[in-house]
Amino acid sequence: MATENQILSAPEEQVSPVTAEDVQTTTTEEVVATDEVTLAEEEATPAVDFADEEAALAASEAGLEVGEETAEEAAEESPVADDEFAGKTKGELLDYLAAQLDEKPVPALRRTVDAIKVAFYRIRRAEVEAARRQHIEAGGSEETFVVPTDEAENRLKELFKEYRQRRDNYILNLDAEKEANLKIKLQIIEELKELISSDETLNHTFTKFRELQNRWKETGLVPQANVKDLWETYNLHVEHFYSFIKINKELRDLDLKKNYEQKVSLCEQAESLLLEPSIVEAFHKLQKLHDEWRETGPVPMEFKESLWERFKAASSRINKQHQEHFEGLKAEQVKNLELKTELCVAAEELTTAPFTTRKEWNKASERLLEIQKTWKTIGFAPKKDNNRIYERFRAACDKFFELKRGYYADFKSDMEQNMQLKVELCEQAEALQMSEDWKATTDELIALQARWKEVGAVSRRHSDQVWKRFRAACDKFFERKAAHFSSVDDEHAANLEKKLALLEEMAAADVKTGSYEVIRDFQRRWGEIGFVPIKQKDQIQKRYKQAVDKLFETLRGSERDRQMGRFKEKLSTMKGGERRMQSEREKLYNKVRQLEQEIALLENNIGFFSKSKNAEALVADVKQNIEKAKLQMQDAIEKIRLIDSQNE
């Protein structure tokens, strides 16, 4: 602890005692973080969820690819909800797939199969990663890990194989079936021709006509290239049937009216599809309406063209929307491919950057995480490129983390050295914890804390223990320091009261009679009082300086008055001696001229000094000399005026 003589040995302005308030702002917690950064925390990086992409890629690598979607599959299937299989086990997924294979036709299965295989491999990949972690935690290496076999995966592949065989057979038989259907419909047209020239009774002919119509509707699809001509031929002969067969006009009109009402309904349904939220769904529904239109018989001739134009107009608008939708979707997918390519380049650049510190690696990890998050916001690329671009992106990410793991593997060898350094810092802090040299020890401990932050990480099992040891030593010193300075607060408050009383005494003092000894006595008494609370230090010192300046100013004013009095007495002895007065005036005049020159020179020098470094003290001295010269010049001018007044 500082002694009284040590405190009084320096002016107040130069002493900055460490107070209790200083202790509160110089704690261990402020200099060093309370938790030790460990290697595991540094190495860990939050991951963006690519589980669905990885699952789809895993299914592709396992050979579970279907091929391009056919028009029949697009028309038959209903979309699968994103969360339809969430929470299901692998067994439940496989049971559901097996049931669907038994219950649904092949064209209606494709989207369900795709969704199930992604859901399955999402679970499968999570199981493999868990097994890999368990293997490594048990002391194994990445290279020795073997992916466990999974009977459920084998069952999935068997079910998928069954589905693909059925689908391949379906597609192979589809063209043959369409050709067979074409032959059947051509035969129906021939029978329709014969029916027109038949000699059968009206009821029998019309019953036969209805049977032909029903057979036409029941017959399946034909090759797309024959659809238009086939329908036009069939429709032509149906109209011929109505025109040439000798049937009852009332019955014919009734049938035409029924067909008219049905086609009006088809027009209305087509027009309502313009409000369908899903453009794809509207297009599929429109195809079914066209099939119904073809199967519907003729209408009265006066309505034939108008009805067709109405139906065609609605169809054209829907077809245009459908075309624009897929053109936009295709353009968007191309743009997505460009964006994902740019992200691949950005990720690949991170694998070639020369990172050498943990800070750089962590910053790069944050950058890669941002890239991954951006990737997730971008939609699909074109189907032929989607897997390829994802494989490129995944390869870049995998390479980055492989390099990062390699860096931290090398970094582990430094941990023992870091541990030794931190133990040494603990020993140094413990050697200082009982010191009473408060200021110097505070600086030393802060320096130790700064060095602690510079030392690298230690292993997790030692980090908490060594940190608590270091912190305990620092806290013990600062607690002792806080207790010490809290005991001097009362003394500082008493010193403040003494200095306030001395300031009042200085304000009432008459220095004109006591000269400089009075001021020196005040300065001595002020220095002997000692420290005040740190919060009032600057304010009380400012008041003291102002009081001293005022005393000196008063003393200088009284001294000047005495000097001018003595000069007046001198002039009174010179009455009648004009030559002596004139000589005195010239001396004073020359002194004024000399002082003017000195002031001009000093003011000019200030301009040069101000351009120099560390010139503040020199400039202050020059300004003080200028003020002194101005006072001397003012006194000389006043004396000249006194001489001139004597001669008047």
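Phe303 is partly exposed, at 31% relative accessibility. This residue belongs to a predicted model, and its ring is one partner in an aromatic pair with Tyr260.

**Aromatic pairs**

Across the whole structure, a search finds 21 aromatic pairs. A pair of aromatic rings is described by the distance of the centres and the angle of the planes. For Tyr260 and Phe303, the ring centres lie 4.6 Å apart and the planes meet at 40°, so the pair is tilted. Tyr260 is in helix H12 (residues 249-272) and Phe303 in helix H14 (residues 301-352); the pair thus links distant parts of the chain, 43 residues apart. Tyr260, with a relative accessible area of 27%, is partly exposed, and Phe303 also counts as partly exposed.

Trp452 and Trp467 form a further tilted pair, with ring centres 5.9 Å apart and planes at 55°. Trp452 is located in helix H18 (residues 438-454) and Trp467 in helix H19 (residues 460-487), so this pair ties together parts that are 15 residues apart in sequence. Trp452 is buried, because its relative accessible area of 2% falls under the 20% limit. Trp467 counts as buried as well, at 4%.

The two pairs are set out below.

| Pair | Distance of ring centres | Angle of planes |
|---|---|---|
| Tyr260 and Phe303 | 4.6 Å | 40° |
| Trp452 and Trp467 | 5.9 Å | 55° |

**Lys263 in helix H12**

Helix H12, which holds Tyr260, also contains Lys263. Lys263 counts as buried, with a relative accessibility of 6%. Leaving aside residues up to four places away in sequence, Lys263 touches Trp293, Thr296, Gly297, Val299 and Leu307.

**Packing of H7 and H8**

Helix H7 (residues 90-103) packs with helix H8 (residues 110-137) at an angle of about 160°, and their axes are 10 Å apart. Since angles over 145 degrees count as roughly antiparallel, H7 and H8 are therefore roughly antiparallel to each other. The crossing in which H7 passes H8 is left-handed. On the H7 side, the contact is made by Lys90, Leu93, Leu94, Tyr96, Leu97 and Gln100. H8 contributes Thr112, Val113, Ile116, Ala119, Phe120, Ile123 and Glu127. The residues of this contact comprise nine nonpolar, two polar and two charged.

Note on methods:
Residues are numbered from 1 along each chain as its sequence is written. This is a predicted model: local features need pLDDT of at least 70, side-chain atom pairs count only at pLDDT 80 or more; totals for chains, interfaces and linings use all residues. Side-chain values use heavy atoms; hydrogens and water are left out. Axes are lines fitted to C-alpha atoms, for helices over the stretch in contact, and angles run from 0 to 180 degrees between N-to-C directions. Helices (H or I, at least four residues) and strands (E, at least two) are DSSP runs, numbered from the N terminus. Angles under 35 degrees count as roughly parallel, over 145 as roughly antiparallel, 65 to 115 as roughly perpendicular and the rest as oblique. A crossing is left-handed if the near helix is turned anticlockwise from the far one by less than a right angle, and right-handed if clockwise. Contact means heavy atoms within 4.5 Å. Ala, Val, Leu, Ile, Met, Phe, Trp, Tyr, Cys and Pro count as nonpolar, Asp, Glu, Lys and Arg as charged, and the others, Gly among them, as polar. Rings of Phe, Tyr and Trp (its six-membered ring) pair if their centres lie within 6.5 Å; planes under 30 degrees apart count as stacked, over 60 as edge-to-face and the rest as tilted. Buried means under 20% relative accessible area, exposed over 50%, partly exposed in between (1.4 Å probe, protein chains only).
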